[in-house]
Amino acid sequence: MKYRQQNCDLLVVGAGASGVSAAVAAARNGASVILLEQNKFPGGTAVIARHNFICGVDCNSQGLLKEILDRIAPKEKLIKRGKVFLLPFKTKQMVLALTRIIKFEKRIKVFYNCKAASVKRAGNRIVSVSAKKGDSKILIKPKIVIDASGEGELIKLSKAKYKISRLSKRQLSGFSFLVKRIKGDNALLAWKVPYYLMQGFKSKELPEYSRFSLYSPTGLQGEGFIRVNLAASPQNKGDKDINKKAVIIHNYLRKALPEFKKSYITYVPPCLCNRESVRLLGEYTLSKGDVLAGRKFPDAVVSGSWPIEFWHRNGPVFTYLKKNSFYEIPLRSLKSKNIANLFATGRCISADAYALASTRVLGTCISLGEAAGIAASKLCASF
């Protein structure tokens, strides 16, 4: 295997929206940055899961979040759904915007199709990270590392302390598949599809994973996503299994609803997207009580106001904050408790499972990435 060495101030693992924000923020503060992404494009879960709304933008509207939103959805306005506000966007715009913002930062060196493989530590510091890109092996020697992988890849490889809920307690994972040539009123289908799929489950014509499936129109005529929510398990990870589940649900809809009779599937993701995975054990663990009490911190870096959106096995439960209330996330929740030069952002910050169910939304994660990048760049001088 070919081998090469790279030195940098900051290594960011994961080029989702949070990881890109971390890399850009650090680069703009003078740090040399290496950004690793296992896919061939940036955007992470937001792209793979084909999200079409950005949540959590009403509380954080400045800095990189505003810049990214202006690139992704310059003509879109916040829309209200129930008690929350959402910003519509298109997946293609997300990929294009993040690609461009990375390209313009000369201090960022990005490696796509590249995955961290091992970590070497000296005491309480990470001194090198080995990564694989095709037949090449890259040895990276960073001063600071940020885990923005969503799955805690660097956290686990470095043996940092972390928490993860048992599978039986973990939030439902999910995937979305795209269907075209649908007839009828999209607004009406948003109610009809979940109803009929639930009836299919109750009559035992459909498996349990159909219970909490939703329909989300893309904005184009005759096109929409079926969003499937199911329990995480080792058997539910492969693309073949996901394809099979998508086909079963789609075939049922074609028989049950005339609007789907001539429809067909055009996209199924390669993997499940987790709402909850590894959570760093940081210097402070944000709690459900902190979120609901609207707690403030002297080292606050990001604000949040999204409800606790917890997807139990018996269905989703939304717990809202008090009207006009917001909570803060301290920098200590981004810093590892036992590794001095390790930060986490996005879905991997130090929070309990219920607090995470509020902080994990895309708008908040972008702001968390920026905060982690700024903090890491300032710390580089001391290493």
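Me: In which helix is the place of Ala97?
Reply: Helices here are DSSP runs of H or I with at least four residues, strands are runs of E with at least two, and both are numbered from the N terminus. The element that holds Ala97 covers residues 91-103 and is helix α4.

Me: What do the numbering and the values rest on?
Reply: Residues are numbered from 1 along each chain as its sequence is written, and side-chain values use heavy atoms, with hydrogens and water left out. This is a predicted model, where local features need pLDDT of at least 70, side-chain atom pairs count only at pLDDT 80 or more, and totals for chains, interfaces and linings use all residues.

Me: Is Ala97 buried or exposed?
Reply: Buried means under 20% relative accessible area, exposed over 50%, and partly exposed in between (1.4 Å probe, protein chains only). The relative accessibility of Ala97 is 5%, so Ala97 counts as buried.

Me: Which residues is Ala97 in contact with, leaving aside its neighbours within four places in sequence?
Reply: Contact means heavy atoms within 4.5 Å. With those sequence neighbours left aside, the partners of Ala97 are Arg71 and Ile72.

Me: What distance separates the C-alpha atoms of Ala97 and Leu356?
Reply: Along the chain, Ala97 and Leu356 are 259 residues apart. Between their C-alpha atoms the separation is 26 Å.

Me: How many aromatic pairs are there?
Reply: Rings of Phe, Tyr and Trp (its six-membered ring) pair if their centres lie within 6.5 Å; planes under 30 degrees apart count as stacked, over 60 as edge-to-face and the rest as tilted. By this rule the count of aromatic pairs is six.

Me: Which class does the pair of Phe310 and Tyr354 have, stacked or edge-to-face?
Reply: The ring centres of Phe310 and Tyr354 lie 4.3 Å apart. Phe310 belongs to strand β17 (residues 308-312) and Tyr354 to helix α9 (residues 353-359), so the pair ties together parts 44 residues apart in sequence. The ring planes of Phe310 and Tyr354 are at 20°, so the pair is stacked.
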